[in-house]
Amino acid sequence: MLRALSLSIGQLGDPAILRVLMKSLLVTLALFAGLGAALYVGLRAAFEALVGIEFGGSLAGVAAVVLLVLGAWLLFRVVAIAVIGLFGDEVVAAVEARHYPAAHAAARPVGMARSTRMALGSAGRAVAANLLMVPVYIALLFTAIGPAIAFFLVNALLLGRDLGEMVASRHMDDATVRGWRTATRGRRFALGLAGTGLFVVPLLNLFAPILGASMATHLFHASRRGTST
């Protein structure tokens, strides 16, 4: 895993990687900006009905900022991975072109339709799984750190699947991907732990989706060769 991370960091300056980084950040920021605008409009209407036009706009602005910051903290991973799912094939292709040229030549581009389906599936699984885990998170509140650990583990499991499938889908059909997923459960969970760890580090979390996709590429090809990363 350390080798995969080292190789991934070393390729961050690759023009193809930088293009995906800029596109994914712009789309992510645009989505949160749209969410913030929608929150403000809705809250302004509610506050103006409650306290009048004079104070409604100011209160709505403050509330929208607070909710957006909270929402960004809770939803950034979901949104970022869904967005990188749209462009991840470009990251994987760049990594394969440099490190695994034979596999790159034989790869099948995922295509926008399949990428979109995978991105929506990723976001849906993350939201559904965490909603189902809410009772567990609440039950663990008395332990102080329990909810954070549970949240970390659940999202590491989800992230490992998302990143792994991003790469495997270039080389396998859906049925073969399911078999590969079962055979590499442990490695993908380790990848998910590493990726989720990157997401909790300020500033580094902006690069986490790119690094995760790159690390997943190294993991995939190491698993096919029967070597470690």
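1. A salt bridge is taken here as a side-chain nitrogen of Lys or Arg within 4 Å of a carboxyl oxygen of Asp or Glu. By this criterion, the whole structure contains six salt bridges.

2. The model is predicted: local features need pLDDT of at least 70, side-chain atom pairs count only at pLDDT 80 or more, and totals for chains, interfaces and linings use all residues. Residues are numbered from 1 along each chain as its sequence is written, and side-chain values use heavy atoms, with hydrogens and water left out.

3. R98 and D14 form a salt bridge through their side chains, at 3.8 Å from N to O. The two residues lie 84 residues apart and link distant parts of the chain: R98 belongs to helix 3 (residues 53-99), D14 to the loop between helix 1 and helix 2 (15-51). Helices are DSSP runs (H or I, at least four residues), numbered from the N terminus. R98 is partly exposed at 47% relative accessibility, whereas D14 is buried at 15%. For these classes, buried means under 20% relative accessible area, exposed over 50%, and partly exposed in between (1.4 Å probe, protein chains only).

4. A salt bridge also joins R125 to D162, with the closest N and O atoms 2.7 Å apart. This pair again links distant parts of the chain, with R125 in helix 5 (residues 112-132) and D162 in helix 7 (residues 146-168), 37 residues apart. D162 is buried, at 6% relative accessibility; R125 is partly exposed, at 24%.

5. Within helix 7, E165 and R161 are four residues apart, a separation of about one helical turn. Their salt bridge has its closest N and O atoms 3.2 Å apart. E165 is buried at 11% relative accessibility, while R161 is partly exposed at 25%.

6. Salt bridges also connect D89, E96 and R170 in a network.

7. S8, in helix 1 (residues 2-10), is buried, with 2% relative accessibility. Neighbours within four places in sequence aside, S8 is in contact (heavy atoms within 4.5 Å) with L211, S214, M215 and H218.

8. V200, V201, L203, L204, L206 and F207 make a nonpolar surface patch of about 500 Å². Patches consist of residues with over 30% relative accessible area and no salt bridge, like charges being joined within 9 Å and nonpolar side chains (Val, Leu, Ile, Met, Phe, Trp, Tyr) within 5 Å. Accessible areas come from the Shrake-Rupley method with a 1.4 Å probe; for residues, only the protein chains shown count as cover. Among the patch residues, L206 lies in helix 10 (residues 204-225) and is partly exposed, with a relative accessible area of 35%.
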